[in-house]
Amino acid sequence: MRYAYYPGCSLHSTAEEYDISTRAVMKALGVELLELEDWSCCGATPAHSSDKFLGVALPMRNLFIAEETGLDVLAPCAACYNSLRHAQAAAEEGEGQEARRALEQILGREYRGDVQVLHPLELLGGDEMLEAVRQKVTRPLRGLKVATYYGCLLGRPAREVAFEDPERPVSMDRLMEAAGAEVVRWSYKTDCCGGSLAVARPDLVVELVAGIVRAALAAGAEAIVTACPLCQSNLDTRQAGAGERPVPVLYVTEALAWAMELPEASGLGRRHLVDPAPALAAVNSQRGMGEL
Amino acid sequence: MSTAVTLDFYRRVAGESSEPIARCYQCQKCSGGCPVSFAMDLRPHEVIRLVQLGRDEEVLKSQAIWICIGCKTCQARCPNDIDASRVMDGLRALARERGYRPGDERVAAFHEAFLRTVQGLGRAYELGTVALFKARTRDLFGDLTLGLEMFRRGKLKIRPSRIRRRAEIGRIFRLAKGKRP
């Protein structure tokens with residue numbers, strides 16, 4: 001299995017541990033990733049918030065590059081994934097079509113619209129991959145209670161992105177169960193963390209994050225698992241004082257890499273503000289093995 | 001003052017956002033689900049109603065259109081399939097076009113700073129974005145401790161990453177700008 005890989009800007013900076021763990025887990029599962037040559041920023045919230053044309057043209061440049069490879073695209077960042085899918089959906093009319101034509105001129109080739117853009121949860125959440133994950137898990141997260149947090153961008157708008165029920169997703173739950181963890185029930189799975197308001201309005205992000213962290217704690221979670229760099233960053237960096245104790249926030253691929261005992265998993269935890277080591281220690285104590 | 005409802009503004013916003021704004025019958029599910037409506041001066045259903053009524057100034061000056069994060073909870077729950085967050089996107093563009101001072105200047109400054117780094121480098125650059133944002137908002141010390149913590153953990157890169165074919169990005173931005181009156 002081969003995919004074109006679109007890491008996006010976050011995975012090269014604030015979310016490097018998501019990049020490292022995604023590559024490691026995919027490699028272990030026999031999925032080959034080829035990073036898109038000269039990929040550019042998808043524009044994220046500021047682009048579509050400011051200008052419809054930019055909101056399509058910036059992500060679409062990467063679809064043109066992907067078409068050259070003939071491979072489908074794997075995009076782990078939920079914001080990138082959402083932007084790329086939006087560009088595909090918008091390519092046929094209005095300003096999206098204008099953006100497409102403009103890019104055809106700039107890049108000197110036609111847009112075919114024939115690549116598929118996937119998120120890792122979509123790829124790993126299928127029955128076959130889940131079985132492959134189960135086979136690879138050598139250090140099950142036994143006894144670890146996790147809250148799976150999907151956020152906004154993986155499920156909304158459903159007509160463009162949702163690969164599962166937008167208000168009740170389960171792919172990450174199934175993956176965490178395959179890794180041996182206990183998934184708690186809570187009602188904040190698809191609530192918003194405040195996303196890109198983190199810099200401009202941290203006051204609002206703190207408030208939203210507090211609600212999410214308290215709900216996770218009330219549900220008995222010892223860790224929160226995410227699949228989005230904005231969610232992870234906001235929950236990890238803006239939760240101080242929200243709950244009676246800090247909750248570590250792991251990328252789903254970090255948790256998988258740890259459960260698969262992949263060498264790349266060691267040291268990733270040091271990149272988090274809330275140290276995941278104590279939560280994993282309970283799992284670890286039965287085995288006396290390394291830390292994340 | 002004329003009491004006649006002017007349709008110009010409504011038509012412009014409907015066109016800009018491609019959303020079927022006329023369908024809204026004020027069920028308020030958008031505002032009920034909105035995670036940031038508590039911080040808005042106009043709640044999402046009120047924004048939509050004012051657009052229907054052609055009350056452009058109240059909407060374009062509002063802080064609500066800048067606070068909307070685009071989480072699309074409103075879109076998911078609207079019985080009339082209106083994506084209020086896309087309406088907000090269109091309203092921000094209109095507010096800028098008509099020269100209104102952004103209702104939340106910090107959010108506008110962040111968007112601008114982010115896009116400037118992308119325009120120059122082809123990729124987002126956190127430290128550059130934050131530096132531009134702080135210069136614009138004169139907020140020099142906000143989040144300084146957090147920034148240092150993130151830096152210590154290798155989450156903020158000092159050197160920006162840039163793409164080779166930056167000229168293509170430059171052309172995209174010039175075209176986008178050229179389309180605005």
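Predicted model: local features only at pLDDT ≥ 70, side-chain atom pairs only at ≥ 80, totals over all residues.
Q: How is the size of an interface expressed, and what is the buried area between chain A and chain B?
A: Interface size is often quoted as the accessible area that is lost when the parts come together. Here chain A and chain B bury about 5300 Å² between them, with 57% of it on carbon and sulfur atoms.

Q: How many salt bridges and how many residue pairs in polar contact are there between chain A and chain B?
A: There are 11 salt bridges between the two chains. One salt bridge is formed by the side chains of A:Arg159 and B:Asp81, at 3.2 Å from N to O. Polar contacts across the interface of chain A and chain B amount to 27 residue pairs, with both residues at pLDDT 80 or more.

Q: Which residues touch the most other members of the largest nonpolar core?
A: In soluble globular proteins, nonpolar side chains tend to be buried together. The largest nonpolar core in this model has 165 residues, and those touching the most other members are A:Tyr6, A:Met60, A:Leu141, A:Met176, A:Val252, A:Leu256 and B:Leu91. Not counting residues up to four places away in sequence, A:Met60 touches A:Ala87, A:Ala91, A:Arg100, A:Leu103 and A:Tyr111.

Q: Is A:Ala66 buried or exposed?
A: A residue counts as buried under 20% relative accessible area. A:Ala66 has 0% relative accessibility and therefore counts as buried. A:Ala66 lies in helix 3 of chain A. Leaving aside neighbours within four places in sequence, A:Ala66 is in contact with A:Leu36, A:Leu71, A:Val73 and A:Val115.

Q: How far apart are A:Ala66 and A:Tyr3 in sequence and in space?
A: The two are 63 residues apart in sequence, and their C-alpha atoms are 9.6 Å apart in space.

Q: Why does B:Gln52 count as buried, and which side chain does a polar contact join to B:Gln52?
A: B:Gln52 counts as buried because its relative accessibility is 12%. The residue is in helix 3 (residues 44-52) of chain B. A polar contact of 2.7 Å joins its side chain to that of B:Arg49.

Note on methods: Residues numbered from 1 in each chain as written. Chains lettered and ligands numbered in written order. Heavy atoms only, no water. Helix = DSSP H or I, 4+ residues; strand = E, 2+ residues; numbered from the N terminus. Buried < 20%, exposed > 50% of the residue type's maximum accessible area, 1.4 Å probe, protein only. Polar contact = N/O pair within 3.5 Å; in protein donor to acceptor, adjacent residues only side chain to side chain. Buried area = accessible area lost by both parts, 1.4 Å probe. Salt bridge = Lys/Arg side-chain N within 4 Å of Asp/Glu carboxyl O. Core = buried A, V, L, I, M, F, W, Y, C linked by side-chain atoms within 4.5 Å. Contact = heavy atoms within 4.5 Å.
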